Structure formats: C-alpha cells, structure tokens
Amino acid sequence: MHKILEFQAVVLAAGRGSRLPDVGGTVSKCLLPVGAYPLLWYSLNMLERVGFQETMVLVLDEDKSSILSALEKCPLKIKYELIVIPAEEDWGTANSLKHISSRVTTDLVVVSGDLISNINLNDVLNLYRKHDAVLASLFFNNGPEEWIELPGIKTKAKPDRDLVCIDKDTERLCFLASASDFEENVKIPRLLLKKFNSISMFSRLLDAHVYVIKHWVINYLVDMDKFTSLKGELIPHLIKKQLAKPKKLLEKKGTSERNVDVNKDIFDYAVESGYETQIRQMSAYNDHKLGNKGVYGGDIIRCYAHIPPKNTFGIRVNTLSAYYLSNNKILTKWEEITGLPLYDKIHPNSDVKTKQIDEISTVGDKSIVSEKTSIKETFIGSNCTIENKVRLTNCILMNNVTIKEGCVLQDCIIYTGATVDTNCSLQYCLVGPHHLVPTTTKGNHQLLAEITDNMITLG
Amino acid sequence: MEGEKENVVQAVVIMDLFNNNLNPICTENPVGLLPVAGVPLIDYVLESLVAGGVGEVILFSCQEPTKVREHIKKCKQDMVPWTFSLDVQILSSETCETMGDVMREIDAAGLVRGYFILLGVNTITNVNFAALLDQHKQICKKDKGAAMTLVYKEVAWDHPLISNNKSVFLAADGNTKKILLYNTYKPKCKDTTVSLPLESVLHHSEVKLHHNLLDTNIALCSPSVPPLFSDNFDFQNRNDFIHGILINEDILASSLYYTKLKGNQYASAVTNWKTYHIISLDILHRWVHPLSIESGSFYQNSYTFMGKHNYIKTSSVLSRSCTLQEDVLIGSNTQISDMASLTKTIIGNNSHIGKNVIIQGSHIMNNVVIKDNCKITNSFIDCDCIIDENSILDGVIIGSGAKVNEDTKLKGNIIEKQQVNRTEKGLSKSTSESGTEWENESSGDGDEEFIGFEKQWTDSESCYSSDSSAESSLADSPVPDDTNIFLQEVIDSLARGYEEKLKCDYLILEINSSRYAYNIQLHEVNFYVVRAILSLPTLVDSKNVLVTVRDVFKFFHPVLVNYIKTKSSILDCLRAVEDSCLKNDWLNGKAGQIIHLLYNADVVDEDSLLAWYEDLKTDESEIAQQKSLVNFFEWLNEASEESEESE
C-alpha cells in the first residue's frame, strides 16, 4: 500500500445535529447508531476504501472520549487523529477548517461525518485532477425524497433545498444557493448563461458535503477571516469568483505598494506554480464545443460538481427522516456501502430467546431478548433488555435500552439508556436519552423526554 | 385516397415578415423574392421542404401575392425539381397585417388537416421536417395539450447570428423539454440578471436554462394552433402566442416544447441585413448542404468554383488583373474590370464593375453599373442602380433604379429612387440618429475573433430596423390605418344592420370584435361609433337629412346607450359630432339639430353639453359659430333656467 500524499483528508464530525429534533440531553450526531456501527464510521470507511491511510477528524471536546471508545470497537485500518474543537465556541465549518490550517500541507478532501454512501470517491478526485480544479464537489441525484411518517411531533417545516446550477457539458458548478435565500424569484446572472451552454438548474440534489479543495483556498480562508460556514459562504464565494477576472497588473501595482495585505484578492492566491498555463495553451484540448474561447474559457478558478448515476446510494444523516431511512436501508445495501461482508444480524454475544424475530431485524452485543416477544423490522443496539410479551415493529432502539413487559411499540426511536416501563403502547414516538417512560403510557406522535422549558411551549 | 392524404406532411409558409427590417428593398417586392446568394428565399424554402419530406405547402402571401404567383408559375414552367413532388397552394389576403391575422385566416379557411409545420419564408435550413414533426407527435402523445414545438439551433453566445438578433432566453423542464419561461432580449441589452419564479424551479427537479439558442423561425404545430389564434385576438405574432400560452397555460390548456437541432443540421432565419449577410456567407461556405451553390440543387449548375469560396458563372467576364479574395459569387454576364478587388461579396447578373473598384462585404443585384474607382463596403445595392465614379459607400442600402452621382460619400444611408437627388446633408440626419445608437451598443464587446466581422457591419447598422429613417419616407396620412379600417368596418356593419333591421345586440358584438381585431382603445371606439352612425350611406342619399338622422338615432339607440355611458364617453360622442359636422357635407350647419336629437334621446346630459360648448369656444372651433348650435344652447340655457324657476 502506497501512501497518498496528494490529498489530506478531514472529516467534520463536530456537528451538533441541529436539524434533528431536540430530545433533551446530549446526543452527539456522529455517534448515532446506524446498523452495527456509529454514523462516523461510515465516512471513515469511505475514505479507507479509496486508499486513505490517515485522516483528521474534527470533533467536539465533550464527545472525544465517547467517540474514541466507540470507534475502537469498529473495524478500521485508517489512522484517525481526533482534533478537538472547543465546545463553548459555536464554530462554523469554515472556522473549524481554519483551526487545522497549520496542519494542512496539500490539497484537502473535506468529508462530512454524517455521510453514508457507496460512491467511489475516486470519481470526484479524478474530476478534480482532470481539470486542475479549485473545487470539486459531489451531489446525489436521488430523485424525490421518500415519504415516510416520522416518529415524534409532527412538523410542517420543509427541508431547505439547494439550488444548484451545473453546466452539463463541462460538469462545471456555476451556481449554488439555498432556496430560502429567495422570495419569489431566483436571480441568476445573465453572464453565466452566456458563458455556459447547457446549464441545468437542479432543485432536488443532495449536497454530499464532500469537497476537494486546493491548498491555497485554506490560506485564503485564514487570511480573509470572513467566512464562518463552508457550505454557506466559502463554497458559494468560490463559485462566484469563477466569473471574475484578475485585475490588470498595472491597476494593482499602484495600490499594492501602500498596503499589500488589504488589497490581496483571490487571484493572488490562485497562482499556478508551474507551466500549467503554457501547457493548456499549447494543447488542442478544449472542454466545450461551441464558440471561439479557449479551454475553460480562460477561467483561473474552476469549480466542478460530480453527479453519480441515479442508483448510487447516498444519504446524509442530518435529519430525522434521513436517520430513519438510513437505518431501514443500511442492511440491504451493506456490502455495497461498506465493502465488508454482512455481519451477523444477531450478535453472537446476544441472548435471543424468542423465535418471532424476522430476518430484517438486528440485535446488538450483549442484548437480551426474552421469550414470547415479537420483533419485526427493528434495530436493537447493544446492552438492551427486552422483557416478555413485548411487540416491537419498525423501531430503532439505541444502546442500553430497557423495554419492560407487555409493551407494544410501533415506529418508535428509543434513545440511549431509556427505559419504557410495563404495558406501554407507543406509536410514532421519540423517547429521549435516559428517560423513563412511566407504566401504561399511551402515545401517538409524541416526544417523551426530560422536557426542558423550551419543549413545553413547543408541545 | 383519404388515408394517403392524411399522411402527407403539411407546411404553412408565411410569406411576409410584417416588419420593416428589410426596407426599402422589400417594400415593393415580396420578401420571398429577395435573393440570398443569388437565389430567391422562396426557392430555398420550397427546396428544403421537399428535401425534408414535406408533401404539401400552403404559401400565405399578404404583400404583392401576384408576384409570388408568377414566380411559382415560372418555376413550374421551368420544371424546377421541387414542382414534381410538392403540392403548392398560394393564398393571399391583403388585409392581414400580422402573423396572427394569417393564422386566423388559415383557421377560418380550414386548410390545415392536422399536425403541420409553420415556418417563415426567411428560414434557410436543411433539416428533416418530417422527422421533427414526428418528434412533435410523440410529445403530443404524452401531453395532450402540447400545442407547439419550437425548433432551435444551439450555437455559442458569441455567434454573430445571436448577437445581431433579439436573443432568446428559455427555461424548460430538463426531462420533458417543456418550456417554462420565455424571454427575448434586445441585442446588447444591459440586463445583468435573469429571474426565474422560485416556485417553478422548485417544482421541477431539473430546469434547463438556455441563452444561446438561435431562433430558426420553424415551429411544429398541433391542430390546436390555428384555433388558439382565433380564440385570442391579441395574438399578433409568434411571440405573443408563446407568451400568451405560457401565462395562461391552465386556461388555454396548452403547453409549448422546444427541440434543439442536432449536429450538422443547419437552420437560421434572415431577419435583418446583418443576418442576411451572415447567412449568405454560410451558404457560400456550404453549411446548408445540400442547399449550396455548387451542388446543383438550384436549377442547372453553371457556377465555376475558383477556390477560396469564390464562384463565378461561366458567362461572366473577369479581367485578368482583378482579384477575388474570398467568398465572392458572380452572376452571369457580369463584367469585372481591371484592378477591381472583391471580397465577401455577391454580385448578380448583367452587372458591370468598373476599374479599381473595391467592394467588401456587399450585395449587388442585377443590372447594376458601378463605375471606376468606387469603394463600396457593407452595402446592399438593388437592381438597375448606377453608381458613378469615385463614390464611397459604406453601409448603404440602395433601392432599385437609383443613381448615385460622382464623388458621393455616403455612410449608413438608405436611398430610394425618388430620393436620389437629395443632397448629402439631408440624408446625414437619418444616419446620425440611428447610427450612433448602434455604435454605443456595440462598444464593450470583448470577443476578439468576431470583431472584424462585426465591426464591418456595425457601421452599416443604421440599415437594420432603422425605424426613424424608414418612417420618414412614408406619406403622412391623416388617420392611422387601423383606425380608418375600423371606422369603415363599423360603418359597414351599421349600414347593413340598418337596412336589414338587425338586432342592435348583434351589431355591438360585431363592433367589439372589429375593435379587438384592430386594437382600438375604448375612447376611440366611442368616438368612431358615433362618427360611423353620422356617416351612414342612408344619410348621404337622404333628402331630408334631419328626419333620417332622427330615425337612425332611434334605431341605434341601444348601440349608443351601450357605448355612451360615462362622462368621458359623452365627451367622446360630442367630439365625434363635431368632427362629423366638419367633415361630412350633408351635415353642414346642422350641428345644433343633431345635438338636440341626442339630447332628446337622453344620450347626452346638460352638464356635458355646456362643458363641451365652453371647450368649443375656447378652441375657437368652426362650428361654435354655427347658427344652429348657438340657437340650441340659447334654448338649452332658457330651458334650464325655466326648470330651475319652476322648482
């Protein structure tokens, strides 16, 4: 195995899961169990599959120890270095990148810690290499989101959607904005339409949050000191700058003598080191067919987007529905996604006494499932106890959950350490971490958790 | 037999452009007969239709249909190839003023059997029409409301055919190719952003955005298109149609699609002098194969290919010392004298080019004499012109039979026969108006390669849709045409209604439909209805005018009441009376009596009458002094005083 020195990888796993419902208590997003492993493992596994031998992982201070212990149990060859972000600071993704800027020595692959996909990352890296891009990104075209009834309180909030413009001929990414930025009309520069011949505006793509970026962008990020979010600010900024042209040398000279730092613009960073420009001029290659412009239309900053074929699996576990879906689907696509053989659905160390358990359900390490229980399409984590006469249908039980005798649970998510007391009947409910659901509770679309003041007003 | 006929692909060719972009050359001759690279446009169209699998053509001609008929007849006599397989029908209507009118006529005549191809006579193409129409039928199977598929050619934004036309912006569903938004921009438009409705963007997973499409003026139509034009009087041209359909998609239950021509298919439309020039060169460069100079599609091929895209007819006479640089076409019996230099130029038959003449990027028709030492760039010279020695013409359009005197220097002018003797000074005015506008617009375009080409023609831009200069040559008519026609139609309707004692409700309907057909404002309608009533033929012939007027008013009372309701409409009515009394002899001196009749019929009220009378006095109108009127107002004042007293 040779070492890839071309790229460094960084996994952003310091997300607080702000799009997931507040269930009271702290749940770190990257440790949510999906299948047998925590969510974070899937991004690390994806990097490992394309040959990365080491990666940086940005985590929150408070999560560090639990992440370490969780990852220890998972099969991983890749070396991971956890870098802590101070918990009290509410840093955006760009701030976090700035935090590690001193360690970055090559081009950077930024992967979000909540991605589960069977994509071959080489497709994105090759797109980046082929065009000597500044940015290469990955978007999934999954078609319309599958509609499922979600546990917990019903909300009407619609997920925010990205508006992405991609030139289909050249795979150039030419516009990225959030649909919520616009009221009635979306405004697009006419220049874009003149420049690119077959622009498509997509509104249902899923940004995988996989960005391959040039090394100088990190320096630019540090020096500019105005970006907090990667997706929200830095990436759109780069995309916009594609249309810009560097200032003429003469114009700049006058000002640069006075104050070099202030007048530095992005083109002072985007300097090519070798003979790239000359090679490009001498080559007969052109990336577009029509018109009389040279290759890349003379653009210095080039952003690309890769859209894998429709059957590629890709999901970002940052909403409840995505979490629910990922757990439903992970087993059917296990080998594709992880490249590993499917593990035993019923862990050897578990104790399953019932026969009424279907093939889709899984039981984790050291969990006990008593007799006379019926378990269908349910995921049971480790150290769980399911007592007699319990019926579970389409539920997710995280670790250390106890379900007492006579409970009937359907379409529920039970967070770590929770206990459901005897004879409860719950449908579409969320049970918060370490919460005790009193006996004979009946619930439908409810949140059962250590309720804070905030939650009461909501409920 | 019936079934066979149904399978024949039908095409409708609209023989007019309904604009003055190609003036003054096409003011007298139909556009179809304008030669492009030596061949009339109509021949390209018919030839391409045959090659594209079309079996039946309807030519709809509004301007000089006899000339078109003669041309087609001559083609048939000459046994031009297309005449064997193409069934050509020529229709004409002098009253059609827009493409919408033409479509309504076609609908009324019921000439179109099913799906058909709609194109303008200015389209030059080598596409397979039948295959395109099949494609449209496929779309119609999926979407019953599909009315029209627009055909576009994709080119780069910096292509001269885009920069010299109104550019199209199109947003369409990426999967179905259904058009969601359609906009046109003027050349060099300053708009920097395009806005799309967020809702429709979110509604479609992929929206294609195109701003580099060349309108080929070809549309594939469903049978529903002509009725749609009939139902919507305000559709005047294809753009109106497109906008109307997109805005009222739900109401009209119709939708539009687009298709892009693939690879080597060529299609473009001659819309102005610049595109005319570009397309001429495209033909010389054989882009439109099989429609090209040398392939022999056009009549007997008697051109000799000289290399560098130079073609000469074998009967032409070239001096040894003349140079044809590139892209030159020379017709039969044309003489080129010593030291003449030609480039990117097309010269017709029987012309004579003098010594040391330099011609660049110009089009010279038949029987033109250009005398020695002239320099002609980017100009169009129609048949039978004489350009005298040492003239310098730049971007000039010269109508047929004109003569340019020695040592004339012209830039960006339009010259017609009757204007020839005008001095330079008089002409320069029109140049500056339209010329500067274009120069401003053309600056700041950064693409090096095409500039040479473009710059050459920018200078001549004044000839491109230069409304200012074109209008100046029109005779000043007292009333705009539309309103005159409208008035005549209303008079006709009313006269017929009066004779046949028709119900007034029907007459109102008739008037309203004429109104929409000619785009008449409401206040004008009020005016012209009254004016029409007072201009009825029965009044003219009548012995006792006032009695007839009374009868007429009585009969048309419902019509009058329908239009004359509000204060402002009453004033319109009174103004019409004033106008009629001044213009119609038979009402001379009877204004007072007519007003009285209207007053008795409760059409006009006192206040308005008084206000109007004041207006008349202040305007010093002729009829204010009329005795009958003065009497009437005296009577009115007395009457009102009396009524006040009695109260």
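Start at Asn185(A). Its bridge partner in strand S11 of chain B is Pro197(B). Strands here are DSSP runs of E with at least two residues, helices are runs of H or I with at least four, and both are numbered from the N terminus. Asn185(A) lies in strand S11 of chain A, residues 185-189, and that strand pairs with S11(B) in the antiparallel sense over 5 bridges. Pairing requires at least two DSSP bridges between two strands.

Some ground rules. This is a predicted model, where local features need pLDDT of at least 70 and side-chain atom pairs count only at pLDDT 80 or more, while totals for chains, interfaces and linings use all residues. Residues are numbered from 1 along each chain as its sequence is written, chains are lettered from A and ligands numbered from 1 in the order in which they are written, and side-chain values use heavy atoms, with hydrogens and water left out.

Now the whole interface. Chain B puts in 33 residues and chain A 29, with contact meaning heavy atoms within 4.5 Å. About 2700 Å² is buried between the two chains, 52% of it on carbon and sulfur atoms. Buried area is the accessible area (1.4 Å probe) that two parts lose on being put together, summed over both. On the chain B side, Leu198(B), Leu202(B) and Leu209(B) lose the most area to chain A, together 22% of what that side buries.

What about charge? The rule finds 1 salt bridge across this interface. Lys168(A) forms a salt bridge with Glu206(B), and their closest N and O atoms are 2.9 Å apart. The rule asks for a side-chain nitrogen of Lys or Arg within 4 Å of a carboxyl oxygen of Asp or Glu.

Which element of chain B gives the most to the side that touches chain A? It is strand S12(B), with 7 residues.

Last stop: strand S1 of chain B, residues 10-14. Here 5 of 5 residues are buried, meaning under 20% relative accessible area with a 1.4 Å probe, protein chains only. Gln10(B), Val12(B) and Ile14(B) point one way, Ala11(B) and Val13(B) the other. S1(B) runs parallel to strand S4(B), residues 56-61, joined by 5 bridges. It also runs parallel to strand S6(B), residues 116-120, again through 5 bridges. Look at Val13(B). Its bridge partner in S4(B) is Leu59(B), and in S6(B) it is Leu119(B).

Terms used:
Buried < 20%, exposed > 50% of the residue type's maximum accessible area, 1.4 Å probe, protein only.
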